[in-house]
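Please keep the sequence and the structure in view while reading.

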Amino acid sequence: MSTAMGTRASLTDTDRLVTVTLDPNTITSINPDEVHEWRIAIYDLLDGNSFRPARVSAKGPFALHMSIVGNSIVLDVRNPDTFQPIAAHYLSLTPFRRLIRDYFRIRDAYYEAIRSAQPFQIETVDMARRGLHNEAAELLRTRLDNKLIIDLNTARRLFTLICAVQPYASRIDESTSKLPTVLFVCSMNSVRSPMAAALARQAFPGRIIARSVGVNGGKADQFVHQVMEEVGIDMSVHTPHILDELVANHFDLVICLSEDAPEAVARKGLEAGAVESWQVADPSLVEGSRDVVLTAYRQLRDTLFNRVRERLEPLVSGGSQTH
């Protein structure tokens, strides 16, 4: 019996996902209905799952970071507290093309039936929907055999999430793309650099590749989530990354947002058209009431909003990297 299907009994209470995040560079949408569908699928997956990577000694619970590279979904399993990588697997979407297409066809038919059909018609469509989910879940478990250990219910919910994010992936191949590239670097990739990168993607959708990393690993910041939500940016899908994880080695512009960033960037040996340092306050160091701290985060957001737009407009418009 296969590993993924034969070791369900060995799953423990800690073998589960507690965090799911999405790569904002390869899974992108400005449609609130589409983003809402992602959130519902993530909520359902986290609400009930059994999950652990095979062939590793790491103990749960786990975080899952999803991205799309070429025709594959990357399932990047990490520690939910430190976001240190544990295991990453590429899942080809090719075997799922028919099932993904049928998923949306049956989903639309189900919603239409709820609005206007007789009960027996709703039941017929619902049976087809359940059958599709079962088929997709079994295929998913087979494709992840000896990689991830998941039960059937988790596989159903993971397939739903894959369907939710897959049609809207930007499919930008950074190795061949002509879009300008910018990298924001701060100490822990928790506050300043992810906010700056998210604001850049919002300001210039589809016109720039904006990434962010930290010199060291950090944790998700709930104040960031709140103040960015106020301007229509969902940061709950952000996973902190460190400079050493970078695969890309060339950027048109590197912007350092903390005192330790310039030295780390130089040590990394990145090829950059220009490297700049911005002096911006770290609101995570502010002490006081919740309102005082939120004010500091909003001030950083607004400062970055203006500087990002002013600095990147010439780059996006085809100008020089340098002032």
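## First sheet

L22 has M66 as its bridge partner in β3. The model is predicted. The pairing of β1 with strand β3 (residues 62-69) is parallel and consists of five bridges. Both strands belong to an open sheet of four strands, ordered β1-β3-β4-β5, in which the pairing is mixed. The edges are taken by β1 and β5 (85-92); each has a single partner strand, so one side of each has no neighbour in the sheet. On average, neighbouring strands of this sheet are turned by 20° against each other, direction ignored.

Helix α5 (residues 152-165) lies across β1, β3, β4 and β5. The direction of α5 is at about 40° to β3.

Three bridges join strand β10 (residues 253-256) to β12 in the parallel sense. For C256, the bridge partner in β12 is S277.

## Crossing of α7 and α9

How do α7 and α9 cross, left-handed or right-handed? The crossing is right-handed. The two axes come within 10 Å and cross at roughly 60°, and α7 and α9 are therefore oblique to each other.

On the α7 side, the residues in contact are F223, V224, Q226, V227 and M228. They meet R290, V293, L294, Y297, R298 and R301 in α9.

## Salt bridges

Side chains of opposite charge can pair when their charged atoms come close. How many salt bridges does a search of the whole structure find? The search finds 16. One of the pairs is R52 with D15, whose closest N and O atoms are 3.6 Å apart. R52 is in strand β2 (residues 51-53), while D15 is in the loop between α1 (3-6) and β1 (17-22), so the pair ties together parts 37 residues apart in sequence. D15 has 8% relative accessibility and counts as buried.

R78 and E245 also form a salt bridge, with an N to O distance of 2.6 Å. This pair links distant parts of the chain, 167 residues apart: R78 is in strand β4 (residues 72-78), and E245 is in the loop between α7 (222-229) and β9 (250-251). The two partners fall into separate accessibility classes: R78 is buried at 3% relative accessible area, whereas E245 is partly exposed at 25%. A further salt bridge joins R192 and D282, with 3.6 Å between the closest N and O atoms. R192 is in helix α6 (residues 192-203) and D282 in the loop between β12 (275-277) and α9 (290-316), which puts them 90 residues apart. Both R192 and D282 are buried. Elsewhere, a network of salt bridges links R98, D102, R105 and E135.

## Backbone geometry

Most residues other than glycine have a negative phi, and most peptide bonds are trans. Where is a cis peptide bond found? It joins G60 and P61, with omega about 5°. P61 is in the loop between β2 and β3.

R55 is in the loop between β2 and β3, and its phi is positive, near 65°. F83, in the loop between β4 and β5, has a positive phi near 60°.

## Position of R115

R115 is in helix α3 (residues 97-116) and is exposed, with a relative accessible area of 62%. Between R115 and A137 there are 22 residues of sequence separation, and their C-alpha atoms are 28 Å apart in space.

Definitions and conventions. Residues are numbered from 1 along each chain as its sequence is written. This is a predicted model: local features need pLDDT of at least 70, side-chain atom pairs count only at pLDDT 80 or more; totals for chains, interfaces and linings use all residues. Side-chain values use heavy atoms; hydrogens and water are left out. A salt bridge is a side-chain nitrogen of Lys or Arg within 4 Å of a carboxyl oxygen of Asp or Glu. Helices (H or I, at least four residues) and strands (E, at least two) are DSSP runs, numbered from the N terminus. Buried means under 20% relative accessible area, exposed over 50%, partly exposed in between (1.4 Å probe, protein chains only). Two strands pair if DSSP finds at least two bridges between them. Axes are lines fitted to C-alpha atoms, for helices over the stretch in contact, and angles run from 0 to 180 degrees between N-to-C directions. Contact means heavy atoms within 4.5 Å. Angles under 35 degrees count as roughly parallel, over 145 as roughly antiparallel, 65 to 115 as roughly perpendicular and the rest as oblique. A crossing is left-handed if the near helix is turned anticlockwise from the far one by less than a right angle, and right-handed if clockwise.
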